[in-house]
Amino acid sequence: MDINFQPIIDSWPFLAKALRTTLLVSVLSTGLGFAIGVTVGILRTYGGRILDILLGFYVDTMRAIPLLVVLVWAFFAFPLVVGYSIDALTAGVVGLGIHLGAYVAETVRAGLTSVRRNQMQAALALGMGRFQAIRTIILPQALIRMLPALGSLLIIAIKDSAIASVIAVPELLRQTQIVAGKTFRPFELYTAAMLVYFALCYPVARGIDRVYRRIAHLGSS
Amino acid sequence: MKFEWSVVWSSLPRLLDGAWMTIWLTVATMAIAIPGGLLLALLRLSPLKLISGAATAFVEFFRATPLILQIYWVYYVLPAYFDVQMSQLSTAIVGLACNISAFNSETFRSGIVSIRQGQWNAGLALGMARWEVFLRIVLPQALMRVLPALASTWVSLFKDTSLVSIISVAELSYVSLQLRAETYRILEVLTAMAVLYWLMGYPQAKLVDYIHRRYKVAE
């Protein structure tokens, strides 16, 4: 078995650009997913029964349908519904974000409901508004408790950005495939890509663990 | 734009074949990944540094890299460089099983270490051997505790089987993408695919919620 890393060195600028796209897709889809998730989580917890059922349907649908299906549908089918085409990057970010949002929403809801009811009652008794109580009393405690789960979701977002390769978003996996196909060096290319993803995800996982161990006591009540 | 839904009805048998393959892949992978995960968990708890280190490396590696890339890797690298010839279906199951085993091992490990030391001591005091304490006292309790987490992994796995469409395993996504290319009825076929996944996945998601409520750990 001969190993030749020349193709990686030769196509380095191409792959470096792909890595930047992976980071961009991860950051944007995480931002979108967390924005959707926090909103949906709060509305499901405090927004009353009808909102809970409607948003619960969204959350459970995303938990039931594979990300690949969401992405493929967003990129190929959605343009036919609205009548204009969207580029792969947008479809990828939106698909990833909507899918991730459901999982974030579940985490947020679990975190909020883990803070005991008495705390809300105490806040209301002190004359705070509901929103104020959520923002200043409940959410800070809940956020700390949610941190490990949200950290896993961040890592899942980075890993899932690779699935956007299926709709030809020019991210790391997609461009690795192109180079591997051109140079007939799948072993070197795919292994290198694997190590890059590991180098991205593993430190994030360990970092979040360490931060959480530091601040876990702040979330206990 | 006019939609032609008849194409969905005429290709329904193929879609259902695909759906069947999706279910089959999920069951087959889980059947390997439960013993596989348990084995990895035990290896990680081994007192021998070499064994526990190797198992830890395997688990961390598979958990920190994308499954879709793992599938590509198994598909392109194993046959070309290590002279392992496998059908696409076996490749898919190997890729999925390695990944899910890694996740299951963390689940099992957390379950096993969550059983208090006192239970071990009590078992040993009763004259049981270590493996007996493990099999008869610790493991049954650990399994009950990790049931909700296993159920969640089950649903993730069900969804992740769609990724083996990239190596042409004829499960629901692959069949649908093929039909899309054959019929050009993109919206109809892709919507049918999403609906079929929903019909299968939604009850599973609800069942997971039920299992979480029913078997929640309360100490």
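# Packing within chain A and against chain B

A:Leu173 touches A:Ala162, A:Ser165 and A:Ala193 in its own chain and B:Pro66, B:Ile68 and B:Leu69 in chain B, leaving aside residues up to four places away in sequence. Two residues touch, or are in contact, if their C-beta atoms, placed from the backbone, lie within 7 Å. The model is predicted, so local features need pLDDT of at least 70 and side-chain atom pairs count only at pLDDT 80 or more, while totals for chains, interfaces and linings use all residues. Residues are numbered from 1 along each chain as its sequence is written, and chains are lettered from A and ligands numbered from 1 in the order in which they are written.

A:Leu173 lies in helix α8 of chain A. Helices are DSSP runs of H or I with at least four residues, strands are runs of E with at least two, and both are numbered from the N terminus. A:Leu173 counts as buried because it has 26 C-beta neighbours inside 10 Å. The cut-off for buried is 20 or more other C-beta atoms within 10 Å of the residue's own; 12 or fewer is exposed, and anything in between is partly exposed. From A:Leu173 to A:Asn4 there are 169 residues in sequence and 19 Å in space, C-alpha to C-alpha.

Chain A as a whole has nine helices and zero strands. Its C-alpha atoms fill a box of roughly 70 × 50 × 25 Å along the principal axes. Of its 221 residues, 42% are buried. Among contacts in chain A with a separation of 6 or more, 79% join residues 24 or more positions apart.

Within chain A, the axes of α3(A) and α5(A) come within 9 Å and cross at roughly 115°. These axes are lines fitted to C-alpha atoms over the stretch in contact, with angles from 0 to 180 degrees between N-to-C directions. The contact is made by A:Tyr58, A:Val59, A:Met62 and A:Arg63 of α3(A) with A:Ile98, A:His99, A:Ala102, A:Ala105 and A:Glu106 of α5(A).

The contact between the chains takes 31 residues from chain A and 33 residues from chain B. On the side of chain A that touches chain B, α3 (49-64), α4 (67-82) and α9 each supply at least two residues. The most comes from α9(A), with 10 residues. By class, this side of chain A has 27 nonpolar, one polar and three charged residues. Ala, Val, Leu, Ile, Met, Phe, Trp, Tyr, Cys and Pro count as nonpolar, Asp, Glu, Lys and Arg as charged, and the others, Gly among them, as polar.

In chain B, helix α4 (residues 67-82) has a kink of about 25° centred on B:Trp73. The bend at a residue is the angle between axes fitted to the seven residues ending there and the seven starting there. The buried residues of α4(B) include B:Ile68, B:Leu69 and B:Ile71. The helices that the buried residues of α4(B) pack against are listed here.

| Chain | Helix | Residues |
|---|---|---|
| A | α8 | 172-183 |
| A | α9 | 186-215 |
| B | α3 | 49-63 |
| B | α5 | 88-114 |
| B | α7 | 130-160 |

After α4(B) comes B:Asp83, with a positive phi near 60°.

The largest nonpolar core has 120 residues, and A:Leu71, B:Ile68 and B:Ile71 have the most contacts inside it. Such a core is a set of buried Ala, Val, Leu, Ile, Met, Phe, Trp, Tyr and Cys residues joined through C-beta atoms within 7 Å.
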